[in-house]
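This report is meant for a reader who is meeting the structure for the first time. Please keep the sequence and the model at hand while reading.

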Amino acid sequence: MPSAAPNPATTINEPVQYAVEMRGIVKRFPGVVANDGIDLIVERGEIHALLGENGAGKSTLMNNLFGLYHPDEGEIRVNGRPAAFAGPRAAVEAGLGMVHQHFMLIPRFTVTENVILGSEGPGTVLDRDAATAEVARLAEEYGLRVDARAKVEDLPVGMQQRVEILRALYQGGRTLILDEPTALLTPQEVDELYAILRRLRAGGGTVIFITHKLREVAAISDRVTVIRRGKTVGTRITAATTAPELAELLVGREVLLRVNRPPASPGEPILVAENLHATGSRGEAALRGASLTLRRGEILGISGVEGNGQTELVEILAGLRKPDSGRVLLRGQDVTAAGPHERRRSGLSYIPEDRHNRGLVLDFSLSENILLGNADDPPFSRFGRILPRFVRSLTQRLMKQFDVRAPAPETPARSLSGGNQQKLIIARELHREPDALLAVQPTRGLDVGAIEFVHRSLVNERDKGRGVILISFDLDEILDLSDRILVLYAGDFTGEFESGQVHRTELGLRMGGKSSDDQPTAAVTD
Amino acid sequence: MTNPPPPSRTDPDDQPGAVADPGAGDGRGISERLSANSLVSALLSSTSAVAVALVLGAFVILISGDDPITAYRALFSGSLGDLRGISETLVAATPLILAGLGFAVAFRAGLFNIGLEGQVVLGGLAAGLVATYNLGPWPVALPLTLGAAALAGGLWAALAGALKAKSGASEVITTIMLNYLAFRLATWAVGAEDLLPVNPGLQSTTRGRVESTLATFPEMIAWLDERIWLPGWLAGVGEDNLRVHAGIILALIAAVILWYVIFKTTFGYKVRTVGLSRGAAAYAGFSWGLTITLAMAISGVLAGLAGAGETLGLYQGQFYNSASGLGFTAIAVGLVGRNHPGGVILAGLLFGILKSGATEMQNSAGTSKELVQILQALVILAIAGFAASGRLNLRSRFRSRSTSPPAASPTPARP
């Protein structure tokens, strides 16, 4: 166990090739083997992607490294020295730094206060000015443009992540572990994160980049280690591998990365929104005259950076909110005043963005979740009494049809993987055979296999003559699936494109409120 | 009539704080309840919690210089050893079960009804007031008096529900406020000469009429025995002058109805949905505000009936202060019973046993009656402890599932 903290300045001179070596790591939990002989060798000064599906054992592995768990078997070395950390503090002292997926920041503290948290030093008086200067210097050095005096709660998500990175650096971290760091970022923020990581690498730092997205592996990493079901299935040099090869390693079978999508044949309009205006939660004009027309047999993609009116648009279309003005027509009927239940009856299904707090009741069984939104309708209930036998057999049928992997309809939804939870929602929403489907971020947080399933379901619905609205912050998803793309910016649609006739750069610019006529450099927003 | 139950003055002070944590734990525990074998595990963990509490209590008795075995023997023989003991146990359990059911239904909707005490008092008051007037034979008078109690308790609680629905006011605060209002209202009503025909000799004058409205249990048995055949020993109960009253039947019926409503109807489904996820309720398209207001009303109805049982069945006319403290103990009953009607019955009986056995324990074992309150507190703490450890298990199960190889896990993830 390392007693003294190795000074980063001295360790850098040691002839050690590897920043992190994990060999034959086994970690068992009651009933499961989370890590079943994983090898992960990370060289100094490289960006190493750790690729694996949800549940493959990535987080367990990093917790083993960080001293949060203690592996049952295997050897860990950090900078060439045997490392069996008693806890995160020892790991930090050995030069490791963790940037969590969900930030561990105190919103009401300033950037500096958050950065120095846990390493305030001895004594009772805090030298705030010295700390601020040091934080500002670090931020300058690595290009982490962030105001050291700003309160964290006032910062956008991308900035908050920089504060996390700063904290790891401030604590002396030379090897940073980033756990799914792009999950909450906009495309621009992702690009900026990449730039920061490259600068870290240039300064001799090492990065372990945990992800389940192939695109990110290709974009940022030097080498990639793929783990599946608790085992290392391969390490590749990123430049020498291909996305299909990685996907096959990842899933264990061949995967269609792009869903096969024959040309659309749009029919009559099914869902129409006219001149919608809405006020956001902070009193701002969230929607400013947005109009759209969804036709049968098409997937209408709505792209845009989060916070440009998507929330309000979705809620108005789903009936969860009334617009300040404007109207919504479903199958030609004015449903502006109708609530979600009425719209559902009129043929609108809705896959919400928030699986855990909206689409499902996690503590309910699968059957009870199938009831959600259907409870008042025959044949789910009669005279206020739920008909449990119907609900159970329907659930069983849907579980089979939509490949929801769970032991029984009585299983709590909480115990399902994210992909299976999403399949349950899709099963419930599609079994009603809706005329229009509103899918919001339908693949967020899902792994490659589940994404393939969701995408296939959406295209199938389209091919059955249903209208699908796809709202996503993932530009690639929009480009892959949409027959027509609308760009939502600052509460209105600023562009409409036919499928295949637009490049992602153009879309990215539109999403930032620019068009290709503007200077390309202006795409970096701050 | 024997002396009134031991005063539980300390209850209102201790228990709301003590139960706050098990409340949080039980919210998570609901998920475990959903499949059949987890019902067993819920029962098991509650039972073990009680066992742990009894063992810890034995140490307390030892420290206070008494013999735990003698004390516990007295506790259980006093509460279960003979007909009178069983009668007193049921007498104590009756309002606890009813009000505990009230707590459970509010909790299922995500509300913490601390106002049970006030709703019990108002229910008792309303039942007593209505019973004061000559309403005719019991088939007419009984529904009227019980209806008045249900209405009073229900409206009082619905007020807190509606306030939360309209303005988001925390029901924890408003129900505590409403408690004080209810206490003052009851004090005023009992003393108001215009309101009642006769005062202050109310007790003696109303008793005759009240007795005819909610027959005491032995009288009811005797009545049934005249018309239908009943086993001899049950008929014998009628001869004894026991305090057990028909409120226990009311409580059991209420538990069955509530179980059906919560788990078998669309309304109960909505109540549970609202309690677990407000977002999902909105998504499904039903009103959160209306659902919590109705759930709160039902909670108050049950508490009001608990008060009616005390007024009409037990004290037969004395209807203020009779309920003192039981609304707070009922919170513990709801939580120990895991907010399941069946569990509430068992927990109500347990607390009834502790209460009715306390006197015997003091008389024959010399152990202070107050030890029972320590035991109650220990049960609550043990339940909280088990709930917390259950939550830990759940969390680690969840964690290992999310990081585990799908093949080894019982619910395989994607291939």
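## Helix packing in chain B

In this predicted model, the axes of helix α5 (residues 116-132) of chain B and helix α15 (residues 326-336) of chain B come within 7 Å and cross at roughly 130°. An angle over 145 degrees would count as roughly antiparallel and one from 65 to 115 as roughly perpendicular, and α5(B) and α15(B) are therefore oblique to each other. The handedness of the crossing of α5(B) and α15(B) is right-handed.

The residues that meet are B:L116, B:E117 and B:V120 on the side of α5(B), and B:L326, B:G327, B:F328, B:A330 and B:I331 on the side of α15(B). Sorted by class, this contact of α5(B) with α15(B) is made of 6 nonpolar residues, 1 polar residue and 1 charged residue.

## Domains of chain A

For chain A, the domain assignment gives four entries, some of them built from several stretches of the chain, as the table sets out.

| Domain of chain A | Residues |
|---|---|
| domain 1 | 1-7 + 19-95 + 175-183 + 196-248 |
| domain 2 | 101-171 |
| domain 3 | 264-347 + 434-526 |
| domain 4 | 363-433 |

The centres of domain 1 of chain A and domain 3 of chain A, taken over C-alpha atoms, are separated by 37 Å. Their contact takes 5 residues from domain 1 of chain A and 4 residues from domain 3 of chain A. On the side of domain 1 of chain A that touches domain 3 of chain A, the residues divide into 1 nonpolar, 2 polar and 2 charged.

## A sheet in chain A and the helices across it

Chain A also holds an open sheet of 6 strands with mixed pairing, in which the strands follow the order β16-β19-β20-β13-β21-β22. At its edges lie β16 (348-351) and β22 (492-498) of chain A, each of which pairs on one side only. Neighbouring strands of this sheet are turned against each other by 20° on average, direction ignored.

Which strands does helix α10 (residues 310-318) of chain A lie across? Helix α10 of chain A lies across β16, β19, β20 (467-471) and β21 (484-489) of chain A, and runs at about 150° to β19(A). Helix α16 (residues 448-463) of chain A, for its part, lies across β13 (299-303), β19 and β20 of chain A, running at about 150° to β20(A).

Key:
Residues are numbered from 1 along each chain as its sequence is written. Chains are lettered from A and ligands numbered from 1 in the order in which they are written. This is a predicted model: local features need pLDDT of at least 70, side-chain atom pairs count only at pLDDT 80 or more; totals for chains, interfaces and linings use all residues. Axes are lines fitted to C-alpha atoms, for helices over the stretch in contact, and angles run from 0 to 180 degrees between N-to-C directions. Helices (H or I, at least four residues) and strands (E, at least two) are DSSP runs, numbered from the N terminus. Angles under 35 degrees count as roughly parallel, over 145 as roughly antiparallel, 65 to 115 as roughly perpendicular and the rest as oblique. A crossing is left-handed if the near helix is turned anticlockwise from the far one by less than a right angle, and right-handed if clockwise. Two residues are in contact if their C-beta atoms, placed from the backbone, lie within 7 Å. Ala, Val, Leu, Ile, Met, Phe, Trp, Tyr, Cys and Pro count as nonpolar, Asp, Glu, Lys and Arg as charged, and the others, Gly among them, as polar. Domain bounds come from an automatic or database domain assignment. Two strands pair if DSSP finds at least two bridges between them.
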